[in-house]
Structure formats: structure tokens, C-alpha cells
Amino acid sequence: MAGDVWAVGAAYEAYVGRWSRPVAAEFVRWLAVPPGARWLDAGCGTGALTGAIFAAAAPALVVGADMSLGFLREPRAGTVLNADAAALPLAADAFGAVVSGLALNFVPHPEQAVTEFARVAAPGATVASYVWDYADGMQLMRWFWDAARAVDPAAAAEDEAVRFPICNPAGLAAAWTAAGLDDVETRPITVPTVFTDFDDYWQPFLGGQGAAPAYLSRLVPNRRWEIRDLLDARLPRRPDGSIALTATAWAIRGRTPG
Ligand SMILES: C[S@@+](CC[C@H](N)C(=O)[O-])C[C@H]1O[C@@H](n2cnc3c(N)ncnc32)[C@H](O)[C@@H]1O
């Protein structure tokens with residue numbers, strides 16, 4: 001049974017945070033929200049997207065909302081709020097930009113969260129998000145789930161490509177349109193994810209944070225090592241032993257009417 005774990009900031013950094021940051025930087029550039037806006041970062045986690053907003057968008061304010069108290073304890077600029085993205089304890093029309101990075105698919109009813117984003121966004125505000133392309137372009141996870149499924153048929157039900165049907169342009173656009181947002185556009189954002197060696201790829205999967213590491217932590221050790229050995233045999237290596245993959249996220253932006 002799938003159960004995602006979000007609690008230990010340092011372990012999340014090694015697994016996804018280090019790749020989330022360059023995606024966040026490109027996403028904020030693409031949004032081109034004017035300086036002085038009030039931003040909400042829903043599912044802010046350890047603050048990768050919040051950091052990119054402060055670095056590039058000269059915000060008046062960034063509020064980060066997340067369910068994980070452990071992640072909210074990580075130091076960052078801005079204000080934080082322990083809240084569910086699908087039931088935000090925030091007034092309507094309060095933000096000039098409402099964004100969410102790599103989090104929307106983990107909300108049990110993501111369409112409800114997008115409706116909340118639109119509610120708290122002011123008229124004419126940007127509502128935008130990005131999620132990993134689990135089915136294909138998020139290669140570090142794709143290699144993992146393909147190996148896990150080869151070793152353990154039960155892994156298919158936990159594969160994020162199966163669990164998260166919203167993580168593609170059509171799924172995202174349907175949620176944005178249903179929330180009444182206009183000028184909806186999607187695009188891929190791809191970043192290099194280069195691992196110095198196999199350990200640099202594998203060790204973060206043992207940190208327990210996120211879907212694949214949480215799945216792995218529930219396996220008996222022998223199964224875990226079978227997956228490890230299959231990945232070690234399958235992953236492409238460069239002559240220096242490094243593993244050069246890429247990670248693609250699907251980004252979407254829209255605007256509230258008015
Ligand atoms: C993959 S992390 C992304 C964190 C950060 N935005 C980033 O880009 O690195 C997913 C985050 O979504 C949060 N999350 C999951 N369900 C949530 C919900 N219903 N409401 C708010 N946050 C949620 C988790 O606690 C976690 O911090």
C-alpha cells in the first residue's frame with residue numbers, strides 16, 4: 001500500500017531537492033510575474049520553489065504552505081503555514097501568484113487543490129504548477145520503478161506513473177480549466193541529473209523520503225538488494241563511471257478571470 005513520507009529535510013534534499021531547485025528557477029523565469037507580488041507556494045516542502053521566487057521575482061511576500069512539520073522546520077526566507085493545499089485557511093483574492101512545485105499529485109484530490117489555488121488568487125493572478133513526468137522523462141525514478149517492477153510485481157501499484165494520472169499536460173490542463181482559469185499553457189522543463197557514481201544515485205533511495213524510498217523501506221532486505229543489483233547492472237555509465245540522466249517536469253500556468 002502506497003504511503004508517501006515527507007519528514008526529514010536533509011534526506012529529501014539528497015533525493016529530489018537538489019534536482020527540484022533548477023526546475024524551480026526555470027519555472028519562475030517562465031512565469032514572469034511582475035516584482036512586488038504576493039506569492040503562495042502550496043506544498044512548499046523544504047522551500048526549493050520559495051527560494052527561487054526570492055532569487056528571481058522580487059516578491060513582496062511569500063507564504064509557504066505544507067502538511068509536513070518536519071519540512072517546514074527547514075530554514076528559508078518567507079512565512080510558513082502548516083496547512084492542506086486542498087483546504088487553505090486563507091482569505092479569497094489574497095495573492096498575485098499561487099504556485100506549487102512537485103506537490104499537486106500528492107494531494108489526495110488535486111483538482112480540489114487547484115480550485116483552492118484559484119479561490120485565494122486575486123483577479124488576473126497567475127496560478128501555476130509543475131509535476132514530474134513520472135511516466136517517462138523523470139528518468140531517475142523511471143529507472144527505479146522499472147527495476148522494482150521487474151523484481152516485485154506488487155511495485156506496479158506504487159509506481160508514480162500509475163498512481164498520478166494528473167502528471168501530464170492533458171491531466172493538468174483539465175484541472176486548470178475545471179477551476180475556471182484562463183490562458184492555460186503547458187510546457188516541459190528538463191534539467192540534467194548527473195550522478196558521480198552508482199552510490200550517488202542509490203544512497204538517496206535509502207533515505208525514506210518520498211514515494212520510491214518509502215516503498216523501498218517497506219521491503220524485506222533481500223528484495224531491496226535485488227532491486228539495487230538490477231539497477232547497478234542496467235543504468236548507463238559514462239567512461240568515468242558517472243550516470244548522466246535527465247529529469248523532465250510538466251509545468252502549467254493560467255490566470256484567474258478579471
Ligand atoms: C516532492 S515534495 C515537493 C516540495 C517542494 N515544493 C519542492 O519542490 O522541493 C511534496 C510536498 O508536498 C507536500 N504535501 C503533500 N500533500 C499535501 C497537502 N495535501 N497539502 C499540502 N502539502 C502537501 C509534502 O509534505 C511535501 O512537502
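Biologist: How far is a nitrogen atom of the ligand from a polar backbone atom of Gly 43?

Modeller: First, a caution: this is a predicted model, in which local features need pLDDT of at least 70 and side-chain atom pairs count only at pLDDT 80 or more, while totals for chains, interfaces and linings use all residues. Residues are numbered from 1 along each chain as its sequence is written, and side-chain values use heavy atoms, with hydrogens and water left out. A polar contact here is a pair of N or O atoms within 3.5 Å; the distance from the ligand nitrogen to the backbone atom of Gly 43 is 2.8 Å. A ligand nitrogen also lies 2.8 Å from a backbone N or O atom of Ala 85, and a polar backbone atom of Gly 101 is 2.8 Å from a nitrogen of the ligand. Of the 600 Å² that the ligand exposes when taken alone, the protein buries 96% (accessible areas by the Shrake-Rupley method with a 1.4 Å probe).

Biologist: Which residues around the ligand come nearest?

Modeller: A residue is near a molecule if one of its heavy atoms lies within 4 Å of it; of the 19 residues around the ligand, Tyr 12, Gly 43, Asp 66, Ala 85 and Gly 101 come nearest.

Biologist: How many disulfides does a search of the whole structure find?

Modeller: A disulfide is a pair of cysteine sulfur atoms within 2.5 Å, and the search finds 0, because the sulfur of Cys 44 is 18 Å from the closest cysteine sulfur, in Cys 167, too far for a bond. Buried means under 20% relative accessible area; Cys 44 is buried at 6%, and Cys 167 is buried at 5%.

Terms used
Polar contact = N/O pair within 3.5 Å; in protein donor to acceptor, adjacent residues only side chain to side chain. Buried < 20%, exposed > 50% of the residue type's maximum accessible area, 1.4 Å probe, protein only.
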